[in-house]
Amino acid sequence: MLKQKKSKKGVFITLIGVVALLALTVVLENVLDPTKNIMLFTVLKKGAVYALVASSMNLLNGFTGLFSLGQAGFMLLGAYAYAIFTIPNSARENVYYLYGGSAIHFSLPELFGGGAVGLILGVLLALILAGIVAAAVAWLIGLPVLRLKSDYLAIATLGFAEIIRAVFQWDKLGPVTNGANALKSYPTFSSFNIPGGLRLSTAVAFLMAAVCIAIILLLINSSYGRAFKAIREDEVAAEAMGINLAKHKRLSFCISSFFAGVGGGMFAMFANQVQAKTFTTALTYEILLIVVIGGIGSISGSCIASFLYVACSEWWLRFLDEEHFIGTFKLPLMRNGFRMVVFSVIIMIVVLFFRRGIMGDKELPDLFQKRKPKPGAPVGKEGAK
Amino acid sequence: MLRIDDLRVNYGGIEAVKGITFEVPEGKIVTLIGANGAGKSTTLRSIAGLVKPASGRIHLQAEDITALAPDRIVSKGITLVPEGRHVFPDLTVVENLKIGAYLRKDDLSHDLEWVYSLFPRLKERSWQAAGTLSGGEQQMLAVGRALMSRPKLMMMDEPSLGLAPLVVKDIFSIIRKINEQGVTILLIEQNANMALHIADLAYVLETGRITIKGTGKELLSNEAVKKAYLG
């Protein structure tokens with residue numbers, strides 16, 4: 001989409017932006033008192049996790065044109081894989097008390113010797129494993145499911161997400177998944193706060209999300225990314241150009257699921273406990289909403305939208321749920337639940353007025369450079385359809 | 001170079017191609033002409049591997065390429081310019097061209113220059129979304145994209161479809177130019193007049209069978225062809 005040297009400049013600016021953002025989160029978290037600004041840091045962490053999952057969904061839905069609704073299922077796989085591999089051995093008895101202890105008797109951070117090094121390596125490896133588990137399942141499911149198109153694919157993946165949620169709550173799997181009970185006591189983002197020193201929990205969330213999103217961006221700008229876009233635009237032509245449709249669809253599906261799995265692991269780190277019933281279809285729709293609001297086919301759009309979405313739903317509109325008085329006059333409508341009504345209306349307005357989302361299919365660096373207007377050349381994409 | 005033996009293809013429940021045999025000699029322009037539904041497109045699509053033939057053999061040089069996967073056939077040096085152009089509308093002209101060379105891992109700059117020298121208009125518009133190009137420019141892009149795979153044989157499905165007569169003339173003179181640079185061409189056309197004028201060898205396809213064959217000139221003066229296709 002960009003000229004070579006332009007894109008190099010864009011990458012450079014983006015890189016500086018990301019480093020600045022990371023530095024900012026470290027400063028914020030250490031200057032502001034986290035106990036007094038709980039909402040701010042909740043939004044930042046959850047926003048980072050959602051940004052990653054939304055980017056992974058955008059890779060599949062926006063860039064490859066495969067409409068899949070299985071994201072919550074892959075997040076669930078990732079979250080469980082992460083939790084199961086990282087719960088400390090000493091805590092397993094306690095967590096799995098209904099099943100008389102866990103079937104798995106190791107914990108990755110402890111395998112790496114515990115302490116700070118063990119924590120970092122263990123968590124990293126567990127997150128990668130979370131991604132691999134999700135990608136492996138995606139590969140298996142992809143075999144039959146990727147033959148389907150559009151709505152049918154969406155229904156099939158939706159069904160998968162529901163089934164996987166039921167399977168993980170199955171009592172017989174209790175010693176591994178803890179049945180319908182929560183998994184807890186594993187390392188979370190807060191574990192990265194140095195006791196009596198720097199608080200790094202938000203920065204860690206940002207760093208992990210940033211690295212993963214950077215990998216997704218690199219992929220999109222590679223020749224594989226071009227092949228994905230070609231499949232989205234025109235399957236017939238893509239196949240005639242020698243792009244192996246089945247292989248590339250599977251690749252996109254697996255990579256997207258990998259990052260959804262990593263995102264699921266990070267979601268577990270954010271939420272402090274994992275329970276299958278969290279990963280409902282509603283979660284997939286939240287992510288889908290973020291992708292649509294941000295712009296289908298724009299990773300920066302997904303990132304911006306995820307922070308806005310999380311901030312709106314969790315924080316900025318909270319006041320609507322409380323009763324307010326002007327003098328002695330009690331404002332009507334303001335009661336528990338009103339927040340969601342306003343939120344839904346905002347979303348409808350956004351979708352009506354930004355048909356293509358906040359960013360369309362542009363990325364952030366595209367906004368800072370004007371295309372050289374060519375004499376006689378029509379500008380814009382109105383003629384595309 | 002390309003030899004088709006007794007090719008039969010079922011398409012959409014009917015036998016669209018009913019046992020055709022023909023040859024495309026190296027370095028020539030060969031055309032298949034015929035009415036709608038004669039099986040021209042199906043023939044090309046089965047050579048490209050997009051539809052599986054029911055029976056028959058397709059040989060490229062000495063190699064049997066029948067029913068290979070489409071990407072394997074492209075990498076053997078056969079490319080298809082699909083009917084109706086099928087450019088990728090939201091991608092830029094350059095991105096479209098690069099996708100044409102998707103299976104090649106070597107340096108593309110030389111070939112980009114070659115395509116731009118054939119179609120200077122594409123160079124002017126290289127950063128524009130392909131969907132914003134005019135019909136003729138999109139056809140040029142579709143041809144340029146196919147050339148990016150450095151084909152030995154380029155198959156073209158109705159390149160004149162829906163284009164103004166002047167643009168059609170341009171396209172045909174470019175087809176000739178590409179052929180002079182060593183690319184063998186298999187062309188199917190409803191615009192029989194134009195096609196026969198540039199073809200070295202021509203076949204008439206009627207309801208899935210080849211009924212007449214000869215050089216382009218011979219067919220131009222053939223009474224039956226005149227009556228049915230030249231008007």
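1. Starting with the A–B contact: chain B puts in 30 residues and chain A 24 residues, where contact means C-beta atoms, placed from the backbone, within 7 Å. On the chain B side that touches chain A, helix 2 (70-75) and helix 3 (93-100) each give at least two residues. That side of chain B splits into 15 nonpolar, 8 polar and 7 charged residues. Here Ala, Val, Leu, Ile, Met, Phe, Trp, Tyr, Cys and Pro are nonpolar, Asp, Glu, Lys and Arg are charged, and the others, Gly among them, are polar.

2. A word on the source: this is a predicted model, with local features needing pLDDT of at least 70 and side-chain atom pairs counting only at pLDDT 80 or more, while totals for chains, interfaces and linings use all residues. Residues are numbered from 1 along each chain as its sequence is written, with chains lettered from A and ligands numbered from 1 in the order in which they are written.

3. Chain B has 10 helices and 10 strands, taken as DSSP runs numbered from the N terminus (helices: H or I, at least four residues; strands: E, at least two). Its radius of gyration is 17 Å, close to the 17 Å from the globule rule for 231 residues, so chain B is as compact as a globular protein of that length. The radius is over C-alpha atoms, and the rule is 2.2 Å times the number of residues to the power 0.38. Along the principal axes, the C-alpha atoms of chain B fill a box of roughly 45 × 40 × 30 Å.

4. In chain B, 66% of the contacts between residues at least 6 apart in sequence join residues at least 24 apart.

5. Now the sheet in chain B: an open one of 4 strands, order 2-1-4-5, with antiparallel pairing (strands pair if DSSP finds at least two bridges between them). Strand 2 (14-24) and strand 5 (63-64) of chain B are at the edges with a single partner strand each, so one side of each has no neighbour in the sheet. Strand 5 of chain B is joined to strand 4 (residues 55-60) by 2 bridges, and Leu60(B) sits opposite Glu63(B).

6. As for the largest nonpolar core, it has 173 residues, of which Leu52(A) and Met155(B) touch the most other members. Such a core is a set of buried Ala, Val, Leu, Ile, Met, Phe, Trp, Tyr and Cys residues joined through C-beta atoms within 7 Å; buried means 20 or more other C-beta atoms within 10 Å of a residue's own, with C-beta atoms placed from the backbone. Helix 2 (residues 38-63) of chain A gives the largest share of this core, 14 residues.

Key
Contact = placed C-beta atoms within 7 Å. Buried ≥ 20, exposed ≤ 12 C-beta atoms within 10 Å, placed from the backbone.
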